[in-house]
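Student: Could you take me through this structure feature by feature, with the general idea before each case?

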Amino acid sequence: MNNIIEITSLRKSYGEIKAVNDISLSVNKGEMFGLVGPDGAGKTTMIRILCGLIIQESGNVKILDKNLSQSRKEIQKNIGYLSQKFSLYGDLSVDENIEFFAEIHNVKDYFKRRDELLEFSRLKSFRNRTAEKLSGGMKQKLALVCSLIHEPKILFLDEPTTGVDPVSRRDFWKILSKLLKDGITIFMSTPYLDEAERCNRVALMNTGKIIALDTPQKIKEKMDRQIIEIVCNPVRAAYQTIKKNTGFEVQMFGDRINVVVENYSSALSSIKKILTENKVRITDERIIPPSLENVFMHLIKDAE
Amino acid sequence: MNSIEVKNLTKKFGDFVSVDNISFNVKQAEIFGFLGANGAGKSTTIRMLCGILEPTFGDAVVGGHSVAKSPDSVKQNIGYMSQRFSLYNDMAVGENLEFFGGVYGLSNQKLNERKKWVLKIANLEGKENLLTGSLPGGIKQRLALGAAVIHQPDIVFLDEPTSGVDPISRRNFWELINELSSEGITVFVTTHYLEEAEFCNNIILIDAGRLIAEGNPKQLKTDYLKNSIYEIESDKVIEALELLEKQNFVVETSIFGNNIHISVEEKVNDLSRINKLCEEGGITIKRINKIVPTLEDVFIHLLGNEKIL
């Protein structure tokens with residue numbers, strides 16, 4: 001069994017809104033799969049369907065070789081789910097929160113597993129603290145631990161790092177790396193494209209549809225545009241000039257601008273000309289590899 | 001010209017030193033990034049700079065006014081927006097703006113003029129009767145920023161303005177920040193997303209109340225990060241990670257899709273060592289590249305690995 005999740009022609013609407021609009025994809029065993037898209041793209045609906053929390057209108061989902069609509073309970077025993085707003089009990093201790101999740105999942109001998117998980121998430125020294133007294137990053141780790149107590153084969157994470165500081169985020173990613181090492185499959189949604197770079201494969205989702213699906217590297221390679229980075233002064237004038245006088249997409253950074261073009265050589269000379277005319281001094285220019293964010297913006301604009 | 005001058009600013013709560021003797025300047029019209037982990041003292045500093053909290057020692061001159069001596073003048077001349085408090089969801093767009101304009105004592109004529117301006121930058125022209133709560137997140141964010149500068153302050157403080165905002169809205173929001181800055185407004189912004197810090201002209205990083213790094217994004221990456229970061233593509237990702245994380249010269253490892261990233265000590269510049277190690281472990285390295293560190297790498301490095309424990 002290579003495909004641990006197989007989705008065929010999945011649809012779900014809320015009134016006029018097609019939250020999930022005819023999506024088919026499969027996830028390989030042991031991979032980190034990223035579902036990336038803006039708010040309202042349908043990411044959460046998709047994850048909730050896969051976890052058996054809401055039911056699709058049409059289409060088919062197979063998880064661990066079983067049909068979701070026929071074997072929901074059995075599949076749920078083998079998956080973990082971490083929602084955007086993790087549901088911890090603030091007045092229960094770390095240990096008690098885990099115990100509660102163990103009981104929900106009917107895990108009898110969870111003591112050893114709990115110790116292992118606390119060790120591995122470095123929460124052991126806080127085990128008697130109530131959840132409400134934990135920092136944001138620790139709460140998130142505890143929620144993750146709770147979703148792992150029944151040793152799931154697949155872990156679903158819905159925007160797990162929103163609002164978490166960079167140090168805790170890095171820590172969280174270390175833990176996910178360890179899970180991948182243990183062979184767990186991770187299906188994650190995120191609005192952050194730098195996080196998508198950490199996935200084996202990424203599906204870019206917009207208005208209920210998948211607009212690209214591949215490894216981050218291949219998605220970037222497929223972009224038929226080039227990015228020119230221009231270090232110049234004054235940057236703001238450069239940005240405004242490009243924005244007002246050309247059709248190019250442009251983004252401004254502290255001391256440079258990035259311009260998305262179709263053809264490097266012809267575009268560059270016209271850009272240089274117009275910048276010079278507007279009294280912008282160019283110190284350096286080069287082609288840079290597109291980021292996933294560049295590709296994403298571009299694909300969404302094309303789709304519109 | 002400096003828009004903000006901070007000198008020996010200190011705040012103690014009992015024995016706890018939240019902000020510990022920090023000094024820095026912010027130039028007029030620049031986008032200034034203020035970074036630090038949770039609990040580093042960011043909010044306390046911002047509150048002092050906004051004239052809401054009195055410093056224990058030191059002072060800051062914000063838009064020409066001392067926060068220690070004339071906090072009320074400071075408050076009149078700045079704008080403030082946070083992810084938490086911004087707009088009243090149960091009021092119409094126009095009502096929110098009238099409320100904010102009223103708080104800052106704008107005259108009717110001025111208020112109308114400024115209302116029009118905010119509606120324009122928020123892409124809400126002709127929609128002032130819409131209920132604020134019904135707006136999409138990205139638009140609400142722009143409206144909140146517009147409301148924060150309705151009284152045309154010289155300086156605006158943005159406290160994690162983009163937390164939980166999707167990439168497209170975030171990009172639009174930063175365009176708006178750039179517009180404000182090009183109109184001469186100084187933008188002081190905190191964020192948890194370090195790729196956003198790349199948009200700033202200058203940045204400071206604080207930890208445990210102390211200033212630990214400052215400079216533009218490029219300087220931070222070259223001056224503060226001595227370790228090198230490599231991206232390695234191999235036939236066995238997990239095995240390569242397990243092997244390399246055991247080596248003393250490897251400071252940090254992480255999985256990046258089908259590749260791994262390792263951070264190695266400065267003195268290690270001999271890649272053949274990595275190649276040889278992997279080869280002996282039966283791992284074939286397909287590609288190994290030195291990569292440009294991100295600001296996040298710098299940040300994690302400066303805060304020390306013990307913080308990640």
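Tutor: We can start with strand β14 (residues 285-291) of chain B, where none of the seven residues is buried, so the strand lies largely in the open; buried means that 20 or more other C-beta atoms, placed from the backbone, lie within 10 Å of the residue's own, with 12 or fewer for exposed and partly exposed in between. Strands, like helices, are DSSP runs numbered from the N terminus (E, at least two residues, for strands; H or I, at least four, for helices). The model is predicted, with local features needing pLDDT of at least 70 and side-chain atom pairs counting only at pLDDT 80 or more, while totals for chains, interfaces and linings use all residues. Residues are numbered from 1 along each chain as its sequence is written, and chains are lettered from A and ligands numbered from 1 in the order in which they are written.

Student: Which strand is joined to β14(B), and by how many bridges?

Tutor: Strands of a sheet pair through backbone hydrogen bonds, either parallel or antiparallel. Here strand β11 (residues 228-234) of chain B runs antiparallel to β14(B) and is joined to it by six bridges, where pairing requires that DSSP find at least two. Within these strands, B:Tyr230 stands opposite B:Lys290 of β14(B).

Student: What is the strand order in the open sheet of four strands in chain B?

Tutor: The order is β2-β1-β4-β5, with antiparallel pairing. β2 (16-27) and β5 (65-66) of chain B are at the edges with a single partner strand each, so one side of each has no neighbour in the sheet. Strand β4 (residues 57-62) of chain B pairs with β5(B) over two bridges, and B:Val62 has B:His65 in β5(B) as its bridge partner.

Student: How should I read the helix contact between the chains?

Tutor: Two packed helices are described by the angle between their axes and the distance between the axes. For helix α6 (residues 166-181) of chain A and helix α11 (residues 295-303) of chain B, the axes come within 10 Å and cross at roughly 95 degrees, the axes being lines fitted to C-alpha atoms over the stretch in contact, with angles from 0 to 180 degrees between N-to-C directions. That makes α6(A) roughly perpendicular to α11(B), a term for 65 to 115 degrees.

Student: Which residues of α6(A) and α11(B) meet?

Tutor: A:Pro166, A:Val167 and A:Arg170 meet B:Glu296, B:Phe299, B:Ile300 and B:Leu303, contact meaning C-beta atoms, placed from the backbone, within 7 Å.

How values were computed: Parallel < 35°, antiparallel > 145°, perpendicular 65-115°, else oblique. Contact = placed C-beta atoms within 7 Å.
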